[in-house]
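This report covers nonpolar cores, aromatic pairs and charges over rings. The model and its sequence come first.

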Amino acid sequence: MPRLLLLLLAPISLLVATPPAPGVPSYDVQLTGTPDGRTWSGQERISFTNTSAQSLPEIYVRLWGNSRGCGSVVVTGGTAMRDCTVVKFPLPKPLEPGKRTSISFDVKLTAPDREDRFGRSGEFSFFGNALPVLAVRDAAGWHLESDQGFGESFYTVAADFAVRLTHTGNIAVPSTGVTSDGVAIAKQVRDFAWAAGPFRSSEAKSSGGVIIRTWATPTVTAAAVDDARAEASASIDEFGRRFGAYPDHELDLVMNDQWATFSGMEYPGFVLLISPESPVVHEVAHQWWYGIVGNNEYADPWLDEAFATYATDVFLKDARVGCWPGTLPVAITRDMGYWGAHQTSYGTFVYVYGSCMLHELERVIGTPAMERLLASYAKAHWHGVSTPAGFKAAAQGASSVDLTSFWRGHGIG
């Protein structure tokens, strides 16, 4: 992942002056599902602008749903590459800077036989990271890194989605966005996810006015649903006060107790949770850390996971005093390629030690400064993409303390 060539004390506005490309994307998707909701097929149209300074002769689309086996996502058109998670679309002519165009293709999605965020569990199908999305090009070139089979390796820019999911079955289809006249509309989100099956549903409104909808499989207890809804309601309001108001009208919690590969997974306005041990608050925190303030999750997984863990600690009033272990043998800033080869260390270093580092930073600059920092940092990168350099500059700008030795001592290069 490239680092912006900026002075440490450069204004935050400079850190986002050159957005990744293609930019300003919009997705228009029309899919028809089988009666059981397992297979969806139809058309997808992606419009985008060349926000870079160079022409774009081609673009790439990521089929993340194929990362654990080809064939679950089938796209007609383009040229399949490498591990079947990348499709190349040559453009009729190079797209010049500032110009806008679109591509269209047929797509078929089938939930595979595995209990996963894109998979099948009994009568229920889940479509997380299933819809094809644009790859990102920045100063380092096109980002076509492979999924490591755990955690997240995604990198997308905020986009507008209009998705029509048509079906004839007796099923519910919770999704990202707000549905009106059969079309789910989601503004400035990094992905679009949905589920399908005979869920039982309920809803309530947080004190801040956000609708919290729950969708549960039959074996999830009513008590687990109530607990998850209460935690989500309280945390979404708390984080809205701390980091900036939640920009959507609703949040869907999709609950199952059969997943074996993960305990929770965040998508814009849509969270998959395993009951009853779900990290509800952590996944809600991701609505800000990656959802609103984006990052390259392959290159810098700590930029969202450490922040979501820290936010959860703050919500629980856990200052984690003494949790920083001192000099680490490995920096928390390593990429997913490294953690893919060292999976047993990933959670401890990226989540726990990453959060501990942020608590240590709060103790250095003071709690009021830390609160101002996170609010201003989120605002400056709202629906954008941040980098380690961006966060370091924001932190230095929020404090009169020279943080050079702090970064060095905590392995933040």
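Buried here means under 20% relative accessible area. The model is predicted. By that cut-off, Phe124 and Phe199 are both buried. Trp40, at 0% relative accessibility, counts as buried. Trp194 is buried as well, with a relative accessible area of 0%.

What does each pair link? Trp40 lies in strand E2 (residues 39-49) and Trp194 in strand E16 (residues 194-196), so their pair ties together parts that are 154 residues apart in sequence. Phe124 sits in strand E9 (residues 124-127). Phe199 is in the loop between E16 and strand E17 (200-205), 75 residues from Phe124. The count of aromatic pairs comes to 33.

Next, the cores. The largest nonpolar core has 64 residues. Trp289, Trp302, Phe307, Leu361 and Phe391 touch the most other members. Helix H6 (residues 343-365) supplies the largest share of this core, nine residues. A second, separate core of 61 residues includes Val29, Val133, Ile171 and Leu272.

Beyond its neighbours within four places in sequence, Leu361 contacts several residues, among them Met370, Phe391, Phe406 and Trp407. One aromatic cluster includes Phe391, Phe406 and Trp407, together with Trp289, Trp302 and Phe307.

Two arginines sit over rings. Arg62 lies over the face of Trp64, 3.9 Å from the ring centre. The charged end of Arg190 is over the ring of Tyr290, 5.9 Å from its centre.

Methods. Residues are numbered from 1 along each chain as its sequence is written. This is a predicted model: local features need pLDDT of at least 70, side-chain atom pairs count only at pLDDT 80 or more; totals for chains, interfaces and linings use all residues. Side-chain values use heavy atoms; hydrogens and water are left out. A nonpolar core is a set of buried Ala, Val, Leu, Ile, Met, Phe, Trp, Tyr and Cys residues joined through side-chain atoms within 4.5 Å. Buried means under 20% relative accessible area, exposed over 50%, partly exposed in between (1.4 Å probe, protein chains only). Helices (H or I, at least four residues) and strands (E, at least two) are DSSP runs, numbered from the N terminus. Contact means heavy atoms within 4.5 Å. Rings of Phe, Tyr and Trp (its six-membered ring) pair if their centres lie within 6.5 Å; planes under 30 degrees apart count as stacked, over 60 as edge-to-face and the rest as tilted. A charge sits over a ring if NZ of Lys or CZ of Arg is within 6 Å of the ring centre and within 35 degrees of the ring normal.
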